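Please find below some notes for a colleague who is meeting this structure for the first time.

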Amino acid sequence: MPGNASYGKKAFKRSRSHFTDRITADGQGGWPVEAGRYRLVVSKACPWASRALVVRRLLGLEDALSLAVTDPIQDDRSWRFTLDPDDRDPVLGIRYLSEAYDARETGYPGGVSVPAIVDVPSGKLVTNDYQQLTLDLETEWTALHRDGAPDLYPEPLRDEIDEVMEGIYRNLNNGVYRAGFAGEQDAYEKAYGDVFARLDTVSRRLAGQRYLVGDTITEADVRLFTTLVRFDAVYHGHFKCNRNKLAEDPVLWAYARDLFQTPGFGDTVDFDHIKRHYYQVHTGINPTRIVPLGPDPSGWLAPHGREKLGGRPFGDGTPPAPR
């Protein structure tokens, strides 16, 4: 992929989502919630897409919203369906996610990103708004949630959830990328400082409570988890966020293991996809494309002891069915 060699050679700035249509219960924007109509496209390597994987599973939307998984390795047309027979998504019939973008807007000049939701009948991209997508699954798709689905965005706590998520996004979810793709020492050091200041803040917060907001899992935990689960595998070394490993922070390591062992979290993680994507696609940072063998993932299944803090993972609901 020609653009991959540019990582680390110019200032990093995350692009805003270009396609921000929403799929809503009332369908006012032209995209009504409808079982079987839409297809969620993800890469298991991508933390932003992994949010949608976790939320889809927690809410039991598997039958209502079908799933396409891309190859973790991109080529010059970005995300591709080479994991499927004939290198085509079996539902959309396309080889590249960019084809759904082109169906929506011919000649779209921006990047092709995941997560993305595609309208199956028309083959057109509906949204690539990674910030809003999971919130809509939680609040607009409620008629299609499984019995016992948790409330991941409870209305009384939304202001606090939003505040916590904003800091995590700015300094951590996006901060690791600012550090990893920094082209100058000063930019790297600023991002590095932001990453670890935020990790320290959430570590202090979680020392006395099991989850980030309230006593149940919320969207805030989903967004923190997808960065933490990648931290030691790729961000610590590949992105030079190496003050300490996640496994060296007793609070965050136990918190992350608690979530990993909760149905809907660890069972959506694919460390092979994660490592191969980061180390083989970002050739500007890792020109040899060598993928490290470690770290040993078995530690994720070690006892975490967070039950002593109380909390009810699914609130009044129930865990998703075992896979």
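1. Strand E1, which covers residues 38–42, pairs with E2 in the parallel sense, and four bridges join the two. Within this pairing, Leu40 stands opposite Leu67 in E2. It should be kept in mind throughout that the model is a predicted one.

2. The pair belongs to an open sheet of four strands, arranged in the order E2-E1-E3-E4 and with mixed pairing. Because strand E2 (66–69) and strand E4 (124–127) stand at the edges and have a single partner strand each, one side of each is left without a neighbour in the sheet. On average, and with direction ignored, neighbouring strands of this sheet are turned by 35° against each other.

3. Helix H1, made of residues 47–59, lies across E1 and E2, and its course runs at about 130° to E1.

4. As to confidence, the protein has an average pLDDT of 95, and 95% of the residues score at least 70. Among the elements, the lowest mean pLDDT, 97, falls to helix H2 (residues 98–104), while the highest, 99, belongs to E1.

5. Why does the structure hold zero disulfides? A disulfide would need two cysteine sulfur atoms within 2.5 Å, whereas the sulfur of Cys46 is 17 Å from the closest cysteine sulfur, that of Cys241, which is too far for a bond.

How values were computed
Residues are numbered from 1 along each chain as its sequence is written. This is a predicted model: local features need pLDDT of at least 70, side-chain atom pairs count only at pLDDT 80 or more; totals for chains, interfaces and linings use all residues. Side-chain values use heavy atoms; hydrogens and water are left out. Two strands pair if DSSP finds at least two bridges between them. Axes are lines fitted to C-alpha atoms, for helices over the stretch in contact, and angles run from 0 to 180 degrees between N-to-C directions. Contact means heavy atoms within 4.5 Å. pLDDT is the predictor's confidence in each residue, from 0 to 100.
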